[in-house]
Amino acid sequence: MPAAPRDALEFPESDRLFLEPQLPPRDGSTPRPDMPFTTLTFATSLDSSLALSPGTRTVLSGPQSKAMTHYLRSRHDGILVGVGTALADDPGLNCRIAGVGGYGGENLDFQPRPIVIDPTARWNFSDNSKLFQLCREGRGRAPWVVTTMPEPPAEKDALLKEYGGQFISLKMTTSESGRHQIDWNELLVTLRLKGLRSVMIEGGGHVINSLLEPSYMSLIDRVVVTIAPTWLGQGGVVVSPARRFDEEGNPMSAARLKNVKWYPFGEDVVLCGQVNV
Ligand SMILES: NC(=O)C1=CN([C@@H]2O[C@H](COP(=O)(O)OP(=O)(O)OC[C@H]3O[C@@H](n4cnc5c(N)ncnc54)[C@H](O)[C@@H]3O)[C@@H](O)[C@H]2O)C=CC1
Ligand SMILES: Nc1nc(O)c(N)c(N[C@@H]2O[C@H](COP(=O)(O)O)[C@@H](O)[C@H]2O)n1
């Protein structure tokens, strides 16, 4: 077996046991036959911010919860972000747990497929993008880019294909709340048809808030949130889904979790649960 690179992360067996009930089943079975097991997971500050501002990569997770996130990546077939995140972070979206493919393991075993929602092909990726560097080094898979353009730009299409990635073209719809967006049902069914049995959705703010709309939140099988002991302050990228109202027009909470478990990981705490729909 190849040696693990120096930046490989360790995630202790005892912590794996805690997490197991929250993870996609190892046999690949899914709660809905036509869709992947879907985990919503992100790191947030005490004031519900994912980042200091939309274009800023912001470290929130400490070393233990970061290792947990990478373990989650090893247990999902796909990892999804919006184009805002791709532009801000130039992310790797691979799994760096010791023993997975490229980190001491064979081939690309346990490396998730990166998926970027990019309706108008704004993401200006190139050979120098982190994701593609990792592909060349055999440490990650090429991305699937979800667009609404029937014919995506030819140059980008060629580069994606060269690395083993692809554009996926879907249509825009208008959601219940009037948002013009890709329908999550259609997207998840498409990803299942393409072979993904589990997907973790990492962000950013637009992606999470749109998935937490009433018509979509039942698609989320698990929520795993890292809460870091810091306030980022005003102006951040905030997780705050649209308000809901009861029959009399009174405001009610947008969403609530059930079957909640809390795990401390270093200075952070990780909250797991299911959306109470
Ligand atoms: N702390 C954490 O765990 C994470 C932090 N982030 C941070 O979040 C920030 C980016 O967040 P945002 O600016 O909100 O961008 P985003 O990553 O949510 O992407 C937003 C864009 O994605 C597209 N999009 C998303 N959902 C769509 C849908 N259902 N249909 C059609 N298009 C859709 C739209 O083009 C939209 O403008 C970055 O600063 C990044 O660092 C991102 C992921 C995780
Ligand atoms: N779990 C977690 N903790 C943080 O503090 C973060 N900033 C993020 N961000 C997400 O991870 C992506 C970066 O991944 P790579 O390290 O480049 O593989 C970033 O784009 C966000 O999706 N997550």
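1. β1, β2 (49-51), α3 (83-89), β8 (180-182), β9 and α7 (205-211) each give at least two residues to the shell around ligand 1; here helices (H or I, at least four residues) and strands (E, at least two) are DSSP runs that are numbered from the N terminus. Of these elements, α3 supplies the largest share of the shell around ligand 1, namely 5 residues.

2. The model is predicted, so that local features need a pLDDT of at least 70 and side-chain atom pairs count only at pLDDT 80 or more, whereas totals for chains, interfaces and linings use all residues. Residues are numbered from 1 along each chain as its sequence is written, chains are lettered from A and ligands numbered from 1 in the order in which they are written, and side-chain values use heavy atoms, with hydrogens and water left out.

3. Which residues come nearest to ligand 1? Among the 28 residues around ligand 1, they are Ala43, Thr85, Asp89, Ile182 and His206, where a residue is near a molecule or strand if one of its heavy atoms lies within 4 Å of it. By class, the shell around ligand 1 has 14 nonpolar, 11 polar and 3 charged residues; Ala, Val, Leu, Ile, Met, Phe, Trp, Tyr, Cys and Pro count as nonpolar, Asp, Glu, Lys and Arg as charged, and the others, Gly among them, as polar.

4. A nitrogen atom of ligand 1 lies 3.1 Å from a backbone N or O atom of Leu50, while one of the ligand 1 oxygen atoms is 3.5 Å from a polar side-chain atom of Arg122. A polar backbone atom of Gly205 lies 3.1 Å from an oxygen atom of ligand 1. On its own, ligand 1 has 860 Å² of accessible area, and the protein covers 87% of it; such areas come from the Shrake-Rupley method with a 1.4 Å probe, and for residues only the protein chains shown count as cover.

5. Around ligand 2 there are 17 residues, and the closest are Leu60, Ser61, Asp89, Gly92 and Glu202. The shell around ligand 2 divides into 6 nonpolar, 5 polar and 6 charged residues. A nitrogen atom of ligand 2 lies 2.8 Å from a backbone N or O atom of Thr58, and a ligand 2 nitrogen is 2.5 Å from an N or O atom in the side chain of Ser61. A polar backbone atom of Leu93 is 3.0 Å from an oxygen atom of ligand 2. The protein buries 85% of the 520 Å² that ligand 2 exposes when taken alone, and the elements that give two or more residues to this shell are α2 and α3.

6. How many salt bridges does the structure hold? There are 10, a salt bridge being a side-chain nitrogen of Lys or Arg within 4 Å of a carboxyl oxygen of Asp or Glu. Side chains of opposite charge can pair when their charged atoms come close.

7. The side chains of Arg73 and Glu202 form one of these salt bridges, with 3.2 Å from N to O. This pair links distant parts of the chain, Arg73 in helix α2 and Glu202 in strand β9 (residues 198-203), 129 residues apart. Both Arg73 and Glu202 are buried; buried means under 20% relative accessible area, exposed over 50%, and partly exposed in between (1.4 Å probe, protein chains only).

8. Asp77 and Arg197 meet in a salt bridge of 3.0 Å, N to O. Asp77 is buried at 19% relative accessible area, whereas Arg197, at 38%, counts as partly exposed.

9. Arg75 and Glu20 form a salt bridge whose closest N and O atoms are 2.9 Å apart. Arg75 is buried, with a relative accessible area of 11%, while Glu20 is partly exposed at 29%.

Terms used
A polar contact is a pair of N or O atoms within 3.5 Å; within protein, one must be able to donate a hydrogen and the other to accept it, and residues adjacent in sequence count only if both atoms are side-chain atoms.
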